Amino acid sequence: MKISCNWLKDYLDTRLSIEELSHLLTDIGLEVEAVEKFESLKGGLKGVVTGEVITCERHPNADKLSLTRVDIGGEELLNIVCGAPNVAAGQKVVVATIGTMIYKGDESFEIKKSKIRGELSEGMICAEDELGLGDSHDGIMVLPDDVKVGIPASEYFGITSDLIFEIGLTPNRADAASHLGVARDVAAAITARGLEEKPAKVKMPDISDFKTGNKDLSVQVKVEDSTACPRYSGLTVSGLKVGPSPSWLANRLKAIGVRPINNVVDITNYVLFEYGQPLHAFDAAAISGNTVVVKKLSDGTLFITLDEVERKLSSDDLMICNAEEPMCIAGVFGGTKSGVTESTTSVFLESACFNPVSVRKTSKLHSLKTDASFRFERGTDPEITVTALKRAAMLMCEICGGKISSDLVDVYPVPVQYRKISLSYEYVNRFIGQEIPAEDIKIILRGLGIGIIKETAEGLDMDVPPFKVDVTGIADIIEEILRIYGYNKINAGEKLNSSLSYHQRPDKEKVQNMLADYLSSNGFNEILTNSLSSSAYYEGGDWFNPEKNVKILNPLSRELDVMRQTLLFSGLESIAYNLKRRQLSLKFYEFGFVYELTDERVKGNVDKTYHEQKILALFITGQSAPESWKNIDSKSDFYQLHSFVAGALRKTGIELNRLQRTENLPPFFVSGEVHEFNGKAIYCIGQLQDKLLKQFGINQPVFYAGIHWDNLLQVIKKHTVTYREVSKFPEVRRDLALVLDKSVKYANLEALAFKTGKHLLKKINLFDVYEGDKIEAGKKSYALSFILQDENKTLTDKEIDKFMNHMAEVLEKQSGAKVRR
């Protein structure tokens with residue numbers, strides 16, 4: 001949100017510097033993210049002054065140039081060479097002095113002391129297009145004879161210079177979404193902290209002269225849904241002349257980034273940013289039946305908005321209608337038929353309060369974000385609709401030449417109730433941990449507009465106005481007191497209270513950080529993707545069941561209309577994004593939650609209707625190692641990813657031989673594996689289907705692994721880490737070469753070997769695979785190494801041979817292998 005310093009000082013007389021004001025705003029919860037300079041004309045005409053041409057003679061070396069001597073109020077006259085045909089002695093002109101920057105579009109140049117055709121020139125007499133004051137370049141600007149010499153051109157032409165605060169407004173601070181709201185907070189802080197000699201007061205715009213006048217164009221108002229529209233105020237202004245806004249109004253809006261449109265619309269925007277109350281001006285001639293009806297229309301009704309887009313309305317959309325058709329989406333956006341145009345002479349001015357939930361739903365549904373919806377979504381003050389209406393009507397009469405031609409209509413069936421809150425001084429001091437004087441508390445509350453209806457020695461009874469939408473209890477009142485009083489003034493006590501916390505084993509964060517460090521150190525990049533996904537990914541049910549989608553009631557867009565069932569799709573989006581930018585070798589990992597509907601779906605029971613689980617997803621694609629003369633065509637593959645998964649599990653103390661492999665491969669894999677522990681999936685891993693990759697425009701293999709985090713933690717929980725002294729006795733290696741059917745998997749051999757030699761066998765490794773014409777068809781050859789060790793003694797050759805013979809016998813018998821002697 002942008003706040004103009006000049007505009008702010010219209011309501012608040014303060015001597016604080018920009019730096020002090022910026023610091024104070026941040027200190028009271030309105031964080032200043034940036035301070036920008038605004039100039040209504042680029043450069044602000046700095047260095048440009050008014051002058052008088054004293055003499056004018058022909059240039060001796062150029063027919064179209066003149067030598068002039070110009071008085072700009074200094075001790076000496078300036079010699080200036082001028083090429084304008086209309087320059088003459090006695091003229092009052094605009095002079096750019098040496099060092100002035102002249103801007104023309106995106107280009108600029110500096111006025112320097114120079115010689116032109118051999119004659120000295122100490123400045124430039126300017127045309128209006130050279131200064132950005134117009135488009136004419138027929139000659140220099142000639143000012144009236146009564147203009148004083150030496151006046152800064154910025155002062156003469158009324159160039160505005162301002163400083164703009166870019167404030168990071170939090171969603172709960174709807175009360176500060178205007179210049180008057182910010183002024184109120186600043187004034188309260190200045191007074192409470194004693195930053196200036198006198199208490200600061202906010203000067204409200206004067207609307208005491210408001211009168212309705214003739215009632216020759218009245219509009220009847222009917223509100224059919226008072227829940228969605230608690231208050232609706234309006235009046236008619238006639239005899240308007242629509243045209244450009246005066247410069248002061250246009251510059252105010254430009255300063256905060258709002259494009260001026262015409263004087264009527266600009267006034268509604270001006271009051272919006274002044275009070276925080278959105279207004280809307282309807283062309284009165286377009287209100288058929290002279291009736292405004294606030295209601296909801298049937299689902300699917302078509303309506304064309306100001307951006308000329310035809311939209312299908314929802315039955316929940318609140319509309320402002322005339323007697324025949326809709327004119328405006330309430331609190332969000334106007335329609336094409338009722339907007340103010342150059343031919344408009346009378347307007348019906350609307351100032352209403354709409355339900356925040358209703359406006360938010362409509363805004364999200366139609367993907368329309370406006371300054372009005374921004375404020376209505378956060379909650380506006382129903383008590384200022386009439387005040388803002390009067391202010392806008394008076395400005396229209398003053399600027400547009402109009403007159404108020406109806407009574408002020410105010411439909412307010414159920415006036416809002418101020419919240420009653422009682423506050424104990426003792427509770428405040430105990431809550432804060434430091435005593436704040438009761439008088440300071442009262443000054444702060446009154447400065448913030450919170451009414452004090454009863455005072456006692458023990459505390460206060462208060463009326464909280466409706467513009468304080470986030471103040472609903474005692475804790476909120478204390479927060480208001482603290483931010484104005486100053487958090488920095490609260491001293492750290494000598495006593496520190498702490499509580500002992502018990503961490504369940506395993507520590508989830510510690511395990512996650514450990515694996516994140518492991519993956520990052522192995523070249524992976526962590527990604528964080530949106531938990532919202534597109535239902536289009538699940539259509540057809542090729543990869544996941546669309547019936548299990550958790551749908552969003554008010555989606556941000558059609559691309560984000562369901563909660564994700566998997567991290568797979570968002571990870572592939574990230575891969576596709578990087579591949580398009582020529583990042584062809586990628587390693588990604590992500591910790592994230594996935595969501596789905598359960599088969600039970602008990603209405604009203606969240607736990608039985610929805611299932612949430614955490615997943616660690618890993619992706620690799622491209623080259624397995626950086627391009628080099630040593631690494632020729634080293635592409636990523638299943639085994640590379642599997643080694644990372646195995647390494648990650650080992651970091652948690654889990655060895656792969658503790659897990660059971662199943663054949664229930666997910667449909668998005670070409671080939672792969674699924675590993676379980678006691679019937680619960682721990683991880684799946686494999687190469688993704690080409691059909692899936694084509695959905696994302698990916699034309700190279702991608703390998704994916706998904707680790708079920710919660711199931712893994714359960715395994716870790718049951719895993720006991722024990723310390724054993726390093727054995728003093730040596731390890732022994734023996735190798736076996738086996739010929740076996742191609743259908744036999746190494747994982748089965750490994751499990752069988754550990755089961756057979758669990759006391760002596762420490763490690764087993766597959767170090768060679770052969771398939772060729774040297775062995776039978778349908779067969780393959782495995783070369784396995786076995787690491788043996790006895791914890792209590794040195795193994796003898798006889799014991800080793802006995803073990804290996806028994807191992808060979810078991811492998812031959814149970815796997816159908818033949819030992820190659």
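This is a short walk through one protein model, from its overall dimensions down to a few side-chain contacts.

The model is a predicted one, in which local features need pLDDT of at least 70 and side-chain atom pairs count only at pLDDT 80 or more, while totals for chains, interfaces and linings use all residues. Residues are numbered from 1 along each chain as its sequence is written, and side-chain values use heavy atoms, with hydrogens and water left out.

Let me begin with the whole chain. The C-alpha atoms fill a box of roughly 120 × 85 × 65 Å along the principal axes. Of the 821 residues, 48% count as buried, and by buried I mean under 20% relative accessible area, with exposed being over 50% and partly exposed in between, using a 1.4 Å probe and protein chains only. If we take contacts, meaning heavy atoms within 4.5 Å, between residues at least 6 apart in sequence, then 70% of them join residues at least 24 apart.

Now to strand 15 and its surroundings. Strand 15, residues 279-283, has 5 of its 5 residues buried, with Leu279, Ala281 and Asp283 on one side and His280 and Phe282 on the other. Strand 15 runs antiparallel to strand 22 and is joined to it by 5 bridges, one strand pair under the rule that DSSP must find at least two bridges. Within that pairing, aspartate 283 has valine 347 of strand 22 as its bridge partner.

Which residues of helix 9 are buried? They are Ala372, Ser373, Arg375, Phe376 and Glu377, and what covers them includes helix 7 (263-275), strand 22 and helix 8. After helix 9 comes glycine 379, with a positive phi near 105 degrees.

That brings us to the aromatic rings. Rings of Phe, Tyr and Trp (its six-membered ring) pair if their centres lie within 6.5 Å, and planes under 30 degrees apart count as stacked, over 60 as edge-to-face and the rest as tilted. By this rule the count comes to 20 aromatic pairs. In one of them, tyrosine 156 and phenylalanine 157 are edge-to-face, because their ring centres are 4.9 Å apart and their planes stand at 85 degrees. Tyrosine 156 is partly exposed at 32% relative accessibility, and phenylalanine 157 is partly exposed at 26%.

Another edge-to-face pair is that of phenylalanine 354 and phenylalanine 376, at 5.1 Å centre to centre and 65 degrees between the planes. Phenylalanine 354 lies in the loop between strand 22 (347-353) and helix 8 (356-366), and phenylalanine 376 lies in helix 9 (residues 371-378), so this pair ties together parts that are 22 residues apart in sequence. Phenylalanine 354 is buried at 2% relative accessibility, and phenylalanine 376 is buried at 3%. Elsewhere, ring pairs link a cluster whose members include Tyr537, Phe569, Phe619 and Tyr704.

Two rings also carry a charge over them, which requires NZ of Lys or CZ of Arg within 6 Å of the ring centre and within 35 degrees of the ring normal. The charged end of arginine 184 sits 4.1 Å from the ring centre of phenylalanine 467, and lysine 489 lies over the face of tyrosine 485, 4.1 Å from the ring centre.

I will finish with serine 422, in strand 25 (residues 419-424). Is serine 422 buried or partly exposed? Serine 422 is partly exposed, because its relative accessible area is 45%. Beyond neighbours within four places in sequence, serine 422 is in contact with Leu460, Asp461, Met462 and Ile474. Serine 422 and aspartate 461 are 39 residues apart in sequence, yet 4.4 Å apart in space from C-alpha to C-alpha. Their side chains are joined by a polar contact of 2.7 Å, a term for a pair of N or O atoms within 3.5 Å, where within protein one must be able to donate a hydrogen and the other to accept it, and where residues adjacent in sequence count only if both atoms are side-chain atoms.

Terms used: Helices (H or I, at least four residues) and strands (E, at least two) are DSSP runs, numbered from the N terminus.
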